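Visitor: I am new to this structure. Please show it to me, and then I will ask about a few of its parts.

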Amino acid sequence: MSDTNTRPMRTIYLYTRYERFWHWFQALLILLLLVTGFEVHGSITMFGFERAVTVHNFLGLTWLVAFAFFVFWVFTTGEWKQYVPTSKKMVEVMIYYGYGIFSGQPHPCPKRHDAKHNPLQRMTYLSLAAVLLPFQMVTGLLYYLYNSWTDMGITGLSLGVVAMAHLIGAFAILIFLIVHVYMTTTGHTIFAHVKAMFTGREEVEDVGDVAEWEKKNPA
């Protein structure tokens with residue numbers, strides 16, 4: 001972690017109530033979906049197979065509806081601009097997480113309300129929200145509607161292929177979750193990022209304004 005003892009810090013309001021609600025609600029849904037999904041797959045035993053299937057299906061449909069609301073919120077508030085990918089300072093950020101963070105170097109892209117995500121986070125979160133999560137939801141929905149494939153005109157698709165694709169997506173999400181939990185410990189204190197997702201406010205390095213390209217609403 002950075003040595004902030006010699007650097008000025010300031011507290012800013014970073015995450016809205018909806019962002020915090022969505023973060024923790026989705027985290028809970030994903031954890032429960034992983035647990036019930038792995039039980040359906042036969043990897044663990046906790047709820048019982050039939051109950052696990054029922055709970056998993058209900059949570060999956062809940063996640064689908066909640067995700068639709070999130071997409072609506074992102075585009076109506078302009079927050080989608082925070083996820084626009086960029087290669088600027090990407091190398092610097094990767095070097096920071098690979099080396100600089102352990103030698104007390106300042107973050108190359110300090111957080112601000114209109115620049116919440118560094119280039120690496122932008123790429124990761126966009127890939128998650130635009131590719132991995134929709135992939136998991138589509139394969140899960142196909143799995144759920146298997147008995148209606150004929151009525152829907154779906155032919156030439158194997159249930160085994162859909163099931164395998166859904167399982168691969170689940171492991172990809174699990175890997176992301178593990179890495180994400182680790183990354184929450186890389187703030188100026190071990191719980192700084194986690195605390196911010198409860199209070200909405202985070203203490204950040206006061207190193208001046210961010211660059212224009214980082215801002216949600218650049219001039």
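Visitor: Which residues in α1 meet Val194, Ala196, Met197, Phe198 and Thr199 in α7?

Guide: This is a predicted model, where local features need pLDDT of at least 70 and side-chain atom pairs count only at pLDDT 80 or more, while totals for chains, interfaces and linings use all residues. Residues are numbered from 1 along each chain as its sequence is written, and side-chain values use heavy atoms, with hydrogens and water left out. Contact means heavy atoms within 4.5 Å, and helices are DSSP runs (H or I, at least four residues) numbered from the N terminus. The α1 residues that meet those of α7 are Glu19, Arg20, His23 and Trp24.

Visitor: At roughly what angle do the axes of α1 and α7 cross?

Guide: Axes are lines fitted to C-alpha atoms, for helices over the stretch in contact, and angles run from 0 to 180 degrees between N-to-C directions. The axes of α1 and helix α7 (residues 192-199) come within 8 Å, and they cross at roughly 115°.

Visitor: Are α1 and α2 roughly parallel or roughly antiparallel to each other?

Guide: Helix α1 covers residues 17-41 and helix α2 covers residues 49-77; their axes come within 9 Å and cross at roughly 150°. Angles under 35 degrees count as roughly parallel, over 145 as roughly antiparallel, 65 to 115 as roughly perpendicular and the rest as oblique. The two helices are therefore roughly antiparallel.

Visitor: How is α1 placed relative to α6?

Guide: The axes of α1 and α6 are 11 Å apart, and the helices pack at an angle of about 135°. That angle makes α1 oblique to α6.

Visitor: How many charged residues does the contact of α1 with α6 have?

Guide: From α1, His23, Ile30, Leu31, Leu34, Phe38 and His41 take part, meeting α6 residues including Leu167, Phe171 and His180. Asp, Glu, Lys and Arg count as charged, Ala, Val, Leu, Ile, Met, Phe, Trp, Tyr, Cys and Pro as nonpolar, and the others, Gly among them, as polar. By class, the contact has ten nonpolar residues, three polar and, as for charged, none.

Visitor: Which elements give two or more residues to the lining of the second largest pocket?

Guide: A lining residue has an atom within 4 Å of a pocket point. The second largest pocket is lined by 26 residues, and Gly37, His56, Gly140, Tyr143 and His166 lie nearest its centre. The elements asked for are α1, α2, α4 (119-144) and α6 (159-183).

Note on methods: 1 Å grid on protein atoms, 1.4 Å probe; cavity = no way out; pocket = protein on both sides within 12 Å on 5 of 7 lines; lining within 4 Å.
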